[in-house]
Amino acid sequence: LRLSDRRKALAKTSIPFINLPFCCNPTLSNRIRDFISVPCCLRDVSNLDSRNPIWNQRPIIHRMIIKEFRIILPMTVEEYNVAQLWSVAEVSKNETGGGEGIEVLVNEPFDDEHHKPDPPLAVHGQVFDKGQYTHKRFYLANKVPAYVRILAPKRYLEVDERAWNAYPYCRTIIENPAYMQENFFLKIESMYVQDKVDEPNIHQLPPEMLERREVVYIDFVNDPPYSHSDYDPNCDPTKFQSVKTGRGPLIGPNWWKNTDMPIMCAYKLVTCEFKWWGIQTRVETMLQNQERRIFYNFHRQLFCWMDKWHGLTMNDIRALEDQAKHELDK
């Protein structure tokens, strides 16, 4: 990148000293520029001038953002198992094309001998040692903000998603092994519970994490969409009514109260870490916002697609997943 382009990109990162005149000290300026343009894992600070006041500032202690998203849904936990798998396969097909999208690398059972999760899946007093393991690759060059595209080459904008689905618990880990390696991860731990919509600590977080956790209820019926382009009139829970179940439309701010519909809650704990000095908090905040957007849009679709997935069996789902993988591979 040209220096002018790099300065423009870095100016958006809110680094306190980014507006220092680069011409005032060319040697120091080049060293600052090189230092802030690489991830933490690649920096060599041994030759920085410790006499300069920039490097004598008290270090900023970064605290990883932890959010627990809760989505209340009008269905049983058993129905949701089929619903989410069918909807994920459908979304994967819609998101793939033109060299962008999703590639399914592995989709097979896991146990203590094959694809064993580390650490083991244990939550809410239960240990889950069997389930379905998936490994997917996402191609994101056209799906990230411009300042990220400037700082990261296209070949590095590929992320791997590994998921251990031991329903009703699932752990998903997203990483960037080609570039960020251990300096980036996004973890989603999901637990699905019937009727209980306000469990205080479903993921059994230790006190220090519980103190930092922010609980966010996502009302997929009444919350406004992330952007105007996200709104789909065919996936509007306030207008949809299921022919098969009679559920919907969902009306009012407390649509789940005083109803004869089954009610469940999806508890999704999201933790992420992006160790790139200068844009760490900005990117982690962006990732958390995007996860909220994904959960919101996905569950609007999932509910309004009810007549497409309701009544399917797990054998039907596995057959659809195999078909979807074949289509994605093409």
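Predicted model: local features only at pLDDT ≥ 70, side-chain atom pairs only at ≥ 80, totals over all residues.
Local features were taken at pLDDT of at least 70 and side-chain atom pairs at pLDDT 80 or more, whereas totals for chains, interfaces and linings use all residues. Residues are numbered from 1 along each chain as its sequence is written, and side-chain values use heavy atoms, with hydrogens and water left out.

Secondary structure follows DSSP runs, with helices (H or I) of at least four residues and strands (E) of at least two, numbered from the N terminus. Two strands are taken to pair if DSSP finds at least two bridges between them. On this basis the model contains an open sheet of eight strands in the order β2-β5-β6-β7-β8-β10-β1-β9, with mixed pairing. Strands β2 (101–110) and β9 (214–218) form the edges, each pairing on one side only. From one strand to the next, the twist averages 15°; axes are lines fitted to C-alpha atoms, for helices over the stretch in contact, and angles run from 0 to 180 degrees between N-to-C directions. Helix α6 (residues 280–304) packs on the sheet and touches β1, β8, β9 and β10, its direction making about 155° with that of β10. Contact here means heavy atoms within 4.5 Å.

Strand β10 (residues 264–274) has 10 of its 11 residues buried, where buried means under 20% relative accessible area, exposed over 50% and partly exposed in between (1.4 Å probe, protein chains only). Strand β10 runs antiparallel to β1 (residues 66–73), with eight bridges joining the two, and E68 stands opposite L269. The pairing of β10 with β8 is also antiparallel and spans 11 bridges; in that pair F184 is opposite F274. Elsewhere in the sheet, β6 (residues 158–166) and β7 (residues 169–175) are antiparallel over seven bridges, with R162 opposite I173.

L73, in strand β1, counts as buried because its relative accessibility is 0%. The C-alpha atoms of L73 and C265 are 6.0 Å apart, although 192 residues separate the two in sequence. Beyond four places in sequence, the contacts of L73 include F220, W255, I263 and H299.

The structure holds nine salt bridges, each defined as a side-chain nitrogen of Lys or Arg within 4 Å of a carboxyl oxygen of Asp or Glu. One of them joins R247 and E79 at 2.9 Å, N to O. R247 lies in the loop between β9 and β10 and E79 in helix α3 (residues 77–95), so the pair ties together parts that are 168 residues apart in sequence. R247 is buried at 11% relative accessible area, and E79 is buried at 15%. In the salt bridge between D223 and R292, the closest N and O atoms are 3.0 Å apart. D223 is in the loop between β9 and β10 and R292 in helix α6, 69 residues apart. D223 counts as buried at 19%, while R292 counts as partly exposed at 22%. R318 and E321 form a salt bridge at 2.7 Å; both lie in helix α8 (residues 314–329), three residues apart, about one turn of the helix. Salt bridges also link E68, R70 and R213 in a network.

E199, in the loop between β8 (184–194) and α5 (207–212), is buried but has no salt bridge. The nearest side chain of opposite charge is K196, 4.2 Å away, with Lys and Arg counted as positive, Asp and Glu as negative, and His and the chain ends not counted. Residues up to four places away in sequence aside, E199 touches E68, R70, H124 and Y267.
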